[in-house]
Amino acid sequence: MPAHRFTFYLPSLSPDLRELAIEGDEHHHLARVLRLTPRETIAATNGRGLLVEGELVAVGKTRSTAQVTRMVSNEALSTRTVLALSLLPRAHFEQAVSQCTEVGATAIVPLIAEKCHVKSWSKASAARAERVAVAAMKQSGRSWLPTMEAARTVDAIAREIEAGKYGRAFVGDMGASTMPDHVAGHAVVVVGPEAGLTDEELTRLDKARAARVSCGVSRLRAETAAVLLVSAVFDRRGRTP
């Protein structure tokens, strides 16, 4: 999508809607930050696969309106790519959320691992992370907003893998081999904290048949490893959503 066509998040957007009403924070961004004016082209998404373009009709004090000019996409989610990311310091965790949203992650699971320096995940943490994901979705022109799920322990995520909830499962491990050349269907990527997963946690994930995979020869920050592994899943799948 051309860089000058800014995307706005409208959760209530539906395929049959012909007029967009932009209010609240989205209106503030449109009118006060971007200073858009009538007749400019914008895009809007509901974060669930629908993306439309529209022409601004009016920019008011508290509300802007636009007429829908065309539907860009309205696709069902064919595969899920879940990132189970160990709790990191706020800036690092949110950086991973932002970049993995751009890459195409469809869900984020905060993971409580033994060596996490951060030990708690609150409603406020989830709300901040979701705002980061919304901004990244809009900036990248994507139409899917990853769901922010409840925090899990490593054992809990292992049990869900065993139950077949995620399809293929991969665990970042510097000493392992690279990801398989082809990945089909749903997938979950498990990324440990900066200090790594414990031997017991890795063994538990091994038991759940999660494959250990490497991001390369360098020791990476957790947020960097998350982006590389999520991107690798898409590359091996052929970039299907």
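The chain has 6 helices and 12 strands, where helices (H or I, at least four residues) and strands (E, at least two) are DSSP runs numbered from the N terminus. The radius of gyration, taken over C-alpha atoms, is 19 Å, close to the 18 Å that the globule rule gives for 241 residues, so the chain is as compact as a globular protein of that length; the rule itself is 2.2 Å times the number of residues to the power 0.38. This is a predicted model, in which local features need pLDDT of at least 70 and side-chain atom pairs count only at pLDDT 80 or more, while totals for chains, interfaces and linings use all residues. Residues are numbered from 1 along each chain as its sequence is written, and side-chain values use heavy atoms, with hydrogens and water left out.

**The chain as a whole**

- Taken along the principal axes, the C-alpha atoms of the chain fill a box of roughly 60 × 35 × 30 Å.
- Buried residues make up 47% of the 241 residues, where buried means under 20% relative accessible area, exposed over 50% and partly exposed in between (1.4 Å probe, protein chains only).
- Of the contacts (heavy atoms within 4.5 Å) between residues at least 6 apart in sequence, 72% join residues at least 24 apart.
- The chain exposes about 11800 Å², of which carbon and sulfur atoms supply 51%; accessible areas come from the Shrake-Rupley method with a 1.4 Å probe, and for residues only the protein chains shown count as cover.
- There are 31 positive and 26 negative side chains, and the centres of the two sets lie 2 Å apart; Lys and Arg count as positive and Asp and Glu as negative, His and the chain ends are not counted, and the place of a charge is taken as NZ of Lys, CZ of Arg, CG of Asp or CD of Glu.

- Leaving aside neighbours within four places in sequence, the contacts of Arg-212 are with Val-171, Asp-173, Ala-176, Ser-177, Leu-202, Thr-203 and Asp-206.
- The C-alpha atoms of Arg-212 and Ser-231, which are 19 residues apart along the chain, are separated by 16 Å.

- Thr-81 is found in strand E6 and is buried, with a relative accessible area of 0%.
- A polar contact of 2.8 Å joins the side chains of Thr-81 and Arg-237, and Arg-237 is also one of the residues that Thr-81 touches when those up to four places away in sequence are not counted, the others being Ala-105, Thr-106, Ala-107, Ala-187, Val-230, Val-233 and Phe-234.
- Glu-94, in helix H2 (residues 90–103), is buried with a relative accessible area of 16%, and its contacts, leaving aside neighbours within four places in sequence, are with Arg-128, Ala-129 and Val-132.

**Helix H4 and its cover**

- Helix H4 (residues 154–162) has as its buried residues Val-154, Ala-156, Ile-157, Ala-158, Glu-160 and Ile-161.
- The cover over these buried residues includes strand E6 (81–86), strand E7 (107–112), strand E9 (152–153), strand E10 (168–172), strand E11 (187–191) and H5.
- Gly-164 follows H4 and has a positive phi, near 85°.

**Exposed arginines in loops**

- Arg-35 lies in the loop between helix H1 (24–33) and strand E3 (41–45), counts as exposed at 62% relative accessibility, and has a phi near 55°, a positive value in a residue other than glycine.
- Arg-39 lies in the loop between H1 and E3, where its phi is near 85°, a positive value in a residue other than glycine, and its 71% relative accessibility counts as exposed.
- Arg-209, in the loop between helix H5 (199–207) and E12, is exposed with a relative accessible area of 75%, and its C-alpha atom is separated by 34 Å from that of Ser-140, 69 residues apart along the chain.

Methods. Polar contact = N/O pair within 3.5 Å; in protein donor to acceptor, adjacent residues only side chain to side chain.
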